[in-house]
Amino acid sequence: MTALDRAIADPPRVPGIGTRSPVDGLSRRSIGPVDVLAQSVSAVAPSAAATTIPVLVATVAGQGATWSLLAAMALSFLVGRTVNQFVRRVAGTGSLYTYVSLGLGPAAGVVAGAALLLGYGFIAMFSLTGSGYYLDYLLSRFVPTAGTGSLVTVVVITAMGATVFAVIALGVRLSTRLTLLVETLSVAVIVVLIVALVARLQPVDTSALALGPTAPAPFAVGTALAVTAFVGFESASVLGVEARRPFQAIPRAISWTVLVAGVLYVVSAAAQQTGFAAIGADLATSASPVNELATAFGMQWVGWALDLGIAASFAACAIASTTALVRVLFAMGREGVLPAALGRASPRFRAPFVAGVLACSVLTALPVLGLLTGIPTWSLMEAELVVAALGYLTAYAMTCFAAPVFLRRIGELTTGVATTAVTTGVLLTAVLLTYAGVEAASPRWPAVVLAVGAVTAVVVAFLVATRRRPWRRGRSRAVYDVPVEADLLGASRSSAGPGHGTGVR
């Protein structure tokens, strides 16, 4: 046996390389690029957003709705490029929470983490509520009395909450593939509607898409609202431990999700604007624009399929957002920021079980309580979306400011990256303040108070908890995946134990 054969058969210990990853317990290196892409796509819920966000944007941007969505797409793409600076270097489960901690320190990381938990949590609640809303709307087509109360919506939310827990508890591969299947079918329905609508509109009058007299302020507010259609695109980053090639698959998933979803949104908004102009109606005043268009152009059957597709898309978004939420809780539990129990994973299914139980219980109970107290379903959805958007925008902006600091610390900062990150951070801050200001002056102001109050409470709790250990505020304790002995040449899966595998770059 040669020296090389002996080294391969019995590799020597390498200093600094341990046998267990700091995030041990998850199904390490078990999913491929399609699963990673499915996570980001499902968290965005493109078919649901394509049918609900344009009308919200049109209420403030008017004819500039399509252009606001285009501007939001460009801004989201820049955010994605900045997030990818971390994704290409760090494989973890904490997503933006971990990245901000590495760049700006633990205190800033807690702020970003609290904001991100609001984003994932309230978008999951928005999705559960939306699924119930559209199924109730579909049922009311056949049973008119079904849509008069919130009973159907409450039942759907409760059933969906249990389903979400069952799916995420059985492992990440099942959740990503199920959501991808659902989103693919839902997007197909949207595309069929758009193609059919454009065919009925021949020749297409594009004058309805002109930016026209839209003032800068409504356009800016419309862009802020349009950004909410893209939130969640970065959620593939929570799969840094479970992806086979995280430094390759996750950046691609983030970029492609923004581009594909953005094209769908712009085309859908343009089709809706031209469709309403053709029938002499106003998109901004529509309660269910795609259904009204389908009925107006004699395609009622498409509307029925669309209601079912949107409900399914919301369900997929709830699964994907909760998947991301429980992994951020898992990371915080491992770091000691939250109770250590949240950092435990199921030995059988290799998923964060305790975090899943807590998350699904809260995400189901809150919207149900809101509906039972008499809050109208659509009003509840609007409030949930406001809290989620404020959380996401805060986390995105902080990540952009953290990127140059992190890259400078490791000696890899370039002028182009710094300029892009800081500029994007400034733009996001402007969008955040604009959006918060508009919503604070609207009937949805309690949602703004809730978002600001929740983040403030978490930060105060962190400062109080570290009062006797102030050094914890200035030194990052972020946990993320690192190479282990099982990743080295000659290592075997059996010798590494469950959850380990090769493929770390």
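A residue counts as buried when its relative accessible area is under 20%, as exposed when that area is over 50%, and as partly exposed in between, with a 1.4 Å probe and protein chains only. The model shown is predicted, so local features are given only at pLDDT of at least 70 and side-chain atom pairs only at pLDDT 80 or more, whereas totals for chains, interfaces and linings use all residues. Residues are numbered from 1 along each chain as its sequence is written, and side-chain values use heavy atoms, with hydrogens and water left out.

**Figure 1. Overview of the helical protein.** The protein holds 17 helices and zero strands; helices (H or I, at least four residues) and strands (E, at least two) are DSSP runs, numbered from the N terminus. Of its 505 residues, 54% are buried. Contacts (heavy atoms within 4.5 Å) with a separation of 6 or more come, for 82% of them, from residues 24 or more positions apart.

Figure 2. A pocket is an open set of points, on a 1 Å grid over the protein atoms alone, where a 1.4 Å probe fits, with protein on both sides within 12 Å along at least five of seven lines; its lining residues have an atom within 4 Å of a point. The largest pocket has about 610 Å³ of space, a volume being the space filled by probe spheres set on grid points that are joined across faces, edges and corners. Its lining comprises 27 residues, and Leu117, Leu329, Met332, Leu338 and Val458 lie nearest the centre. Two or more lining residues come from each of helix H6 (106-142), helix H12 (300-335), helix H13 (353-372) and helix H16 (445-465), with H6 giving the largest share, seven residues. By class, this lining has 22 nonpolar, three polar and two charged residues, where Ala, Val, Leu, Ile, Met, Phe, Trp, Tyr, Cys and Pro count as nonpolar, Asp, Glu, Lys and Arg as charged, and the others, Gly among them, as polar.

**Figure 3. Close-up of the second largest pocket.** The volume of the second largest pocket is about 320 Å³. It is lined by 16 residues, of which Phe122, Ile375, Leu380, Ala383 and Leu450 are the closest to its centre. H6, H13, helix H14 (377-409) and H16 each supply at least two residues of this lining, and H14 gives the most, with five residues. The lining has twelve nonpolar, two polar and two charged residues.

**Figure 4. Two loop residues with positive phi.** Most residues other than glycine have a negative phi. Ser95, in the loop between helix H4 (65-87) and helix H5 (96-104), has a phi near 55° and is buried, with a relative accessible area of 1%. Arg350, in the loop between H12 and H13, has a positive phi of about 55° and is likewise buried, with a relative accessible area of 15%.

**Figure 5. Close-up of Leu239 and its surroundings.** Leu239 sits in the loop between helix H9 (216-227) and helix H10 (246-278), and counts as buried because its relative accessibility is 0%. Not counting residues up to four places away in sequence, Leu239 touches Ile31, Asp35, Val36, Gln39, Gly92, Val172, Thr176, Ile250 and Arg327. Leu239 and Thr93 are 146 residues apart in sequence, yet their C-alpha atoms are 5.9 Å apart in space.
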